[in-house]
Amino acid sequence: MENKSAAPVAQVLVPAVSEIRSLLEASRKNVAQQVNQELLSTYWKIGEVVVRCEQNDSIRAAYGEKTLSQLSRALTKELGKGFSRSNVYNMRQFYLSYPIFQTVSGKLSWSHYCELLSISDKEKRSFYEKEAVNSGWSVREMKRQVESSLFERLLLSRGDANKEQVLALAEKGVDYTKPEDIIKDPYVFEFLGLPEEKSFLESDLEAALVRQIEDFLLELGRGFMFVGTQQRVTVNNTHYYVDMVFYNKILHAYVLIELKTTKLTPEAAGQINMYLNYYAAEVNDPEDNPPIGIILCTDKDSVAAEYALGGLSNQIFASRYVLYMPNKEQLIRQVEEVLKRWHSHEDE
């Protein structure tokens, strides 16, 4: 015979089950964080021991440059796996790069730090560390941002980069306080797998970005939420459609993106300016800030961009996109050249 009271009882128990689940999830998260913190602390202390070992005159005389290899073999024989030469080297570098353990973030894993230690430039490494913490990047996501030269792209997209901007990025990561803080130049869409040498339609680009929306959100940056594609704007009974619409919860603003498979044109600027006026008047809630427009194009001439976008009351930015990972060395050289010019100007 069916127990008719079972269903009501189950309903009554739902809040209790939900609360217990939340307690367990929070407990597991806390335990995982504690284990991670202890692991980082242990590896840091091992690094300290390795450095002291290398500084020991008798050991240095006996083994010279082979100290790490000898130590790795001895540790592996005594303690088992986990002490390869590269891992022992990373522990050593971990200690040397973070001489004060309190500066190490427990929100990042040992795998995160192994990737960060491969970045020799201190400011650049600090930037990726801060952004990994602020954005909650996985190791895979952080590697992708390093490989796409996010640090250099952000500096170059801000015009004449200077040492203050480098230090600000290193100390805080990206600080979203104004619309231009969300802009990168170029945006990198290598994850789409679109052939660089073949032409494609704007609808193809849009469809590819929607299919890979998680990667696209990662490339856009923190705080972006996807609203939709081909969002209708009706003016005088005529329908227009915004290619892609997002909302940035940090800036409290809609972000409208127009995709162009050509270089920047004045027509594109006029088009997105109309969309922004519509969103400001018809879509924005009272607590929203003015909407932001981004034209993603294959190329932009700086003078043409200045004339096309100058004098507009709305916040419109034009950025290039590329379908391949940018040449990291070339971007680094560009940043160094900009900083060199800035230093020479400062000395005058």
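**Close-up views of a predicted model**

**View 1. Helices α6 and α8 cross at roughly 100°.** The axes of α6 (residues 122-135) and α8 (residues 150-157) come within 10 Å; axes here are lines fitted to C-alpha atoms, for helices over the stretch in contact, with angles running from 0 to 180 degrees between N-to-C directions. Helices and strands are DSSP runs numbered from the N terminus (helices H or I, at least four residues; strands E, at least two). From α6, E123, K124, F127 and Y128 meet L150, F151, E152 and L154 of α8, where contact means heavy atoms within 4.5 Å. Five of the residues in this contact are nonpolar, none is polar and three are charged (Ala, Val, Leu, Ile, Met, Phe, Trp, Tyr, Cys and Pro count as nonpolar, Asp, Glu, Lys and Arg as charged, and the others, Gly among them, as polar).

This is a predicted model, in which local features need pLDDT of at least 70 and side-chain atom pairs count only at pLDDT 80 or more, while totals for chains, interfaces and linings use all residues. Residues are numbered from 1 along each chain as its sequence is written, and side-chain values use heavy atoms, leaving out hydrogens and water.

**View 2. S149 sits in the loop between α7 (139-147) and α8.** Have a look at its backbone: the phi of S149 is near 55°, a positive value in a residue other than glycine. Most residues other than glycine have a negative phi. S149 is buried, with a relative accessible area of 0% (buried is under 20%, exposed over 50%, partly exposed in between; 1.4 Å probe, protein chains only).

**View 3. Six strands form an open, mixed sheet in the order β1-β6-β5-β4-β3-β2.** β1 (187-188) and β2 stand at the edges with a single partner strand each, so one side of each lacks a neighbour in the sheet. Strands pair if DSSP finds at least two bridges between them; β2 and β3 (residues 238-248) run antiparallel and are joined by ten. Across this pairing, G228 stands opposite V245 in β3.

**View 4. T229 and Q230 both belong to strand β2.** T229 is partly exposed at 25% relative accessible area, and touches E206, V210, V242, D243 and M244, not counting residues up to four places away in sequence. Q230 is partly exposed at 35% and has a positive phi of about 50°, although it is not a glycine.
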